Amino acid sequence: MDLRQATHWQHVGRRRRLWLPVCLLGLFAWVAGAAHSWAQSASRDDFEGPEVSLFDDGGDAHYRIEAHARASHGAHSGRWCERVTVRGTNGTYIHMAHALAPARVIAELVPSIWIKADRPGLQLIVRVVLPRSIDPQTGKPISTLIRGTSYAKVGSWEQLRLDNLVQLLDRQVRVLRAEFGRDVDAREAYVDRILINVYGGPGLTNLLVDDLEVAGMVAPQATIAAASAQLPAGAPVGQTQALPVTWTRGQAVPKIERSGPQLLVGEAPFFLRAIEYQGESPARLKEMGFNAAWLSRAPTAQLLREAAAAGLWIIAPPPAPAALETLAAGQSRTLGGELDGVLAWDLGRGLAGEASLEATRRWAKLVQAADSRRRPMVCEPDADLTKYTRPPIHVLVARREVLGTSLELNSYVTWLRQRAQLAMPGTILWATIQTQPPARLLEQLAVLSSGRDARIEIQESQLRTLVHAALAGGARGLVFQSSGSLERDDAATRRRRALLQLVNLE
């Protein structure tokens, strides 16, 4: 099959022009439907696995979180749920929060969550951001809380919901106008956080939380502008996925954390657009729209400085296990500040077998002990996905060639979804994207062409379709493959550079 396709790639003429648009029409029709369902869908957290999803978001009561952990029994569905025990007095609320990828406030948006508690009155709440309205005191978009149903069935599981969000927001805007003036504008409002008021009154409150779902999610058009309004002066504008990584000693580095299958940087959703690094200038890669460079070896101090100045994150292997053991032995348990520009640690690709699993897991635990910032760890196993993605590893890279092979696009999407299902629940999925024809296809063409020029290039429509397919398959980050520097000056590289910049812009 590869040889027939190789012949086709070589003879780029009238025959290709006749049938390629027909094939692409079918591909685009399928991808359009898949992409639509991806863009407007439900976000769900089943609370499976040992790591917690909720976090303390403050309150007006005097309180203390007595216990907060996952429980492996008593769940509403599945095996796990989340247990919270809080003691408080003299107040009205204590909020436990769950981060959410921004979702436009529309009639179809319906958040819900199941809880079981020993006291009534606990309530579901959402935080709504108004990107068109700026708080004059903070210079940031105004945010407000909208309240849903309250818990009443003490000792039993009950679903809390928030229906009619649009109407409730309209009422709240009237209140906000009394405080901030008549210019408060609810257009393009979005929800970015789910909260539970866990304060049940003075004393101890125990509750279990499970099955969070937000139906009708649509990414807001104004998210970029809203995030830009919250960036420091001089920061890059218009990229929620590329928060600035330029900072000086003593300044806070943007926090990197995980919320379910979503990566957050500086508390904002981060969609990875990385390129396999081949020696390019970080400033050039940033110009092309990438927010990270993926290195196969440890970065130099100079590269880290240049990347931070350009606002480009680095993904690279962590120090070797022996070096990490030396750090621990010397009681210097923190990886140095010179590595602050690292977004995630790469533990390797093509991993398989018990020996590899044991070595990878040991390496991950050493990194976890040495990295006070708890940056995510990434791996690319060939098998045993569940074992490889157990904490502290939380990111799975799915690599498979599609273009120039016999693999059909819908089979590729199915394969991506299966990879996510075989990993631990809550694992973040990143997919690789081809930007050059497979090496074996080029070798076949060289043989068939008998020494004549057999150069082939990936087309714009193919690259775009592959990106859409990866998104439809559940990828929350893209790693663009590259085997040659994008700073070369030949025609093929200039064309590939332009295509990648266009895809990143879109």
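This is a predicted model: local features need pLDDT of at least 70, side-chain atom pairs count only at pLDDT 80 or more; totals for chains, interfaces and linings use all residues.
Q: How many helices and strands?
A: The protein chain has 13 helices and 22 strands. Both are DSSP runs numbered from the N terminus: helices are H or I with at least four residues, strands are E with at least two.

Q: What share of the residues is buried?
A: Of 506 residues, 49% count as buried. Buried is under 20% relative accessible area, exposed is over 50%, and partly exposed lies in between (1.4 Å probe, protein chains only).

Q: What about the largest nonpolar core, how many residues?
A: That core has 60 residues. A nonpolar core is a set of buried Ala, Val, Leu, Ile, Met, Phe, Trp, Tyr and Cys residues joined through side-chain atoms within 4.5 Å. Among the residues with the most contacts inside the core are Phe290, Tyr412 and Ala470. Helix α12 (residues 460-472) gives the largest share, seven residues.

Q: Is there a second core, or what else is there?
A: A separate core of 41 residues includes Leu109, Tyr199, Val214 and Met217.

Q: Back to Ala470. Which residues does Ala470 touch?
A: Leaving out residues up to four places away in sequence, Ala470 touches Tyr412, Leu416, Ala431, Ile433, Ala475 and Leu478. Contact means heavy atoms within 4.5 Å.

Q: And over the chain, what percentage of contacts join residues at least 24 apart?
A: Counting contacts between residues at least 6 apart in sequence, 73% do.

Q: Cys81 and Cys379, then: buried or exposed?
A: Cys81 counts as buried because its relative accessibility is 0%. Cys379 is buried too, at 0%.

Q: Changing topic: what is the order of the open sheet of three strands?
A: The order is β12-β13-β14, with antiparallel pairing. β12 (256-259) and β14 (268-270) are the edge strands, each pairing on one side only. Two strands pair if DSSP finds at least two bridges between them.

Q: How many bridges between β12 and β13?
A: Four, in the antiparallel sense, with β13 covering residues 262-265. Ser259 stands opposite Gln262 in β13.

Q: What does β4 pair with?
A: β4 (residues 81-89) pairs with β3 (residues 62-71) over nine bridges, antiparallel. β4 also pairs in the antiparallel sense with β11 (residues 203-218), over seven bridges. Ala67 stands opposite Thr85 in β4, and Arg83 stands opposite Leu208 in β11.

Q: Where is Ala352 placed?
A: Ala352 is in the loop between β18 (342-351) and α8 (354-370). Ala352 counts as partly exposed because its relative accessibility is 40%.

Q: Which residues is Ala352 in contact with?
A: Setting aside neighbours within four places in sequence, Asp382 and Tyr388. Ala352 and Asp382 are 30 residues apart in sequence and 5.6 Å apart in space, C-alpha to C-alpha.

Note on methods. Residues are numbered from 1 along each chain as its sequence is written. Side-chain values use heavy atoms; hydrogens and water are left out.
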